[in-house]
Amino acid sequence: MTGSLTRPDLEQIRTWLEEVPDPEVPAVSVMDLGIIRDVQWSGDELVVAITPTYSGCPATSVIALDIEAALRARGLDRLRVERRLSPPWTTDWISEAGRRKLEAYGIAPPVESAGGPSVFDRLLRKPLTIACPRCKSENTSRISEFGSTPCKAQYRCDDCLEPFDYFKCI
Amino acid sequence: MSGQEVLFEYLLRLGDNALILGHRLSEWCGHSPALEEDLALSNVALDLIGQTQLWLNLAGEIEGKGRDADKLAYLRDARDFRNLLLVEQPNGNFAATMARQFHFDAWHYLLLRELTGSKDARIAEIAAKGLKEVTYHLERSRDWILRLGDGTEESHRRMQAAIDDLWMYTGEMFESDEVDQAMMREGIGPDLASLHEPWLGLMRSTAEEATLTLPQPGWAQRGGKRGMHSEHLGYILADLQFLQRAYPNATW
């Protein structure tokens, strides 16, 4: 029996990865977040390239372990998870489905493309309008630029009074 | 120094700035004026420690003596650290912490932006990653300068005092020595002096909006980049390195 006859095709593997949740935001999968940069066979070894969201994000090593565990459970025993830094992860890679899932979970998805204005311009303009994921009101205020994880900021809805997380654009 | 040795020195500077400031910020954990600030300071610390790992792992690789980021962070003595004097200054009150952060963030942002164009692809890649994070650090620290400077009489007084106290540690950020010059010649790092004007521009416009006064240019403290530190670094290392020194190779 040769490896090439038994190895599952890449589409199949991608659907399996769709089922691996992000450890910090379990409403979305690692595929939804765009963390998986590549899935390739290298001979009979599967190589999965992942990119960290933030340099110090403690979830990155957990994500690598979760991916490995999920694929081993599907019978893949020759696999390697590689970290890829460049190009750096951007919230633009979050899928449409991922954005909908974030909002349904109560996290406002990122609102602008990460290729937006440079920081010196950003500093001088009015803050972005972030809609409340619960009541959709745009009457919201930022409480802090940082939230429960590095990727989120804290907001409050001034209409329904619900505090919520906003997934920042990077 | 050989080319590899210069590059190693340069990477230590980048990594040690992130490490020491990240450690300082982590000292606030559980002590901040509000829960949101506790989270924010810890998040910024986390970003900086993440960047430290990238810089120091690369430094260790260049050095080629089997040292990784952990060994470089935990097993060097104060004289071997290459961070700026600014980042080792004590946290003081919240205004002092935010003033230190703003001075550093603005410089860090400008430096990383230049380094994204480095001829060394590994450096450009780490800089591009870090720049996204530092953009948020800068937005937040600037907000605090405005809020405290243009706040109550007490918050204004404390922020002004913090800026006056820290100003003499900012000159070192823009001075090039032979390591910086060698990196500049090879297209790896920028001319640090070229960061001064944009940095000063942001300081001026922010101070004006915050009703603060920037100190006059004066004598600058220097030495951090060459391993000549203030007494504070020893205390930081005593805390940071205790576990690995007391229980070598401990893991969890």
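Visitor: Where does A:P87 sit?
Guide: A:P87 is in the loop between β3 (79-83) and α4 of chain A. Helices (H or I, at least four residues) and strands (E, at least two) are DSSP runs, numbered from the N terminus. This is a predicted model, where local features need pLDDT of at least 70, side-chain atom pairs count only at pLDDT 80 or more, and totals for chains, interfaces and linings use all residues; side-chain values use heavy atoms, with hydrogens and water left out. Residues are numbered from 1 along each chain as its sequence is written, while chains are lettered from A and ligands numbered from 1 in the order in which they are written.

Visitor: Is the peptide bond from A:S86 to A:P87 cis or trans?
Guide: Cis, with omega near -5 degrees for the bond from A:S86 to A:P87. Most peptide bonds are trans.

Visitor: And what about phi of B:T211?
Guide: Phi of B:T211 is near 55 degrees, which is positive in a residue other than glycine. Most residues other than glycine have a negative phi. You'll find B:T211 in the loop between α9 and α10 (232-240) of chain B.

Visitor: OK, switching over: how many residues do chain B and chain A put into their contact?
Guide: Chain B gives 28 residues and chain A gives 30, with contact meaning heavy atoms within 4.5 Å.

Visitor: What area is buried between chain B and chain A?
Guide: About 2700 Å², and carbon and sulfur atoms give 63% of that. Buried area is the accessible area (1.4 Å probe) that two parts lose on being put together, summed over both. On the chain B side, B:K129, B:K132 and B:Y136 supply 27% of what chain B buries against chain A, more than any other three residues.

Visitor: How many salt bridges are there between chain B and chain A?
Guide: One. That takes a side-chain nitrogen of Lys or Arg within 4 Å of a carboxyl oxygen of Asp or Glu. The side chains are those of B:D143 and A:R142, at 2.8 Å from N to O.

Visitor: How many residue pairs are in polar contact there?
Guide: Eight residue pairs across the interface of chain B and chain A, both residues at pLDDT 80 or more. A polar contact is a pair of N or O atoms within 3.5 Å; within protein, one must be able to donate a hydrogen and the other to accept it, and residues adjacent in sequence count only if both atoms are side-chain atoms.

Visitor: Which element gives the most to the side of chain B that touches chain A?
Guide: That's α6(B), with 14 residues. By class, this side of chain B has 13 nonpolar, five polar and 10 charged residues. Here Ala, Val, Leu, Ile, Met, Phe, Trp, Tyr, Cys and Pro count as nonpolar, Asp, Glu, Lys and Arg as charged, and the others, Gly among them, as polar.

Visitor: New topic: what's the volume of the largest pocket?
Guide: About 880 Å³. On a 1 Å grid over the protein atoms alone, a pocket is an open set of points with protein on both sides within 12 Å along at least five of seven lines, a cavity is a set where a 1.4 Å probe fits but cannot get out, and lining residues have an atom within 4 Å of a point. Points are joined across faces, edges and corners, and a volume is the space filled by probe spheres set on them.

Visitor: What's the volume of the second largest cavity?
Guide: About 90 Å³. Closest to the centre of the second largest cavity are A:D22, A:E24, A:T53, A:C57 and A:C151, from 13 lining residues. Its lining has nine nonpolar, two polar and two charged residues.
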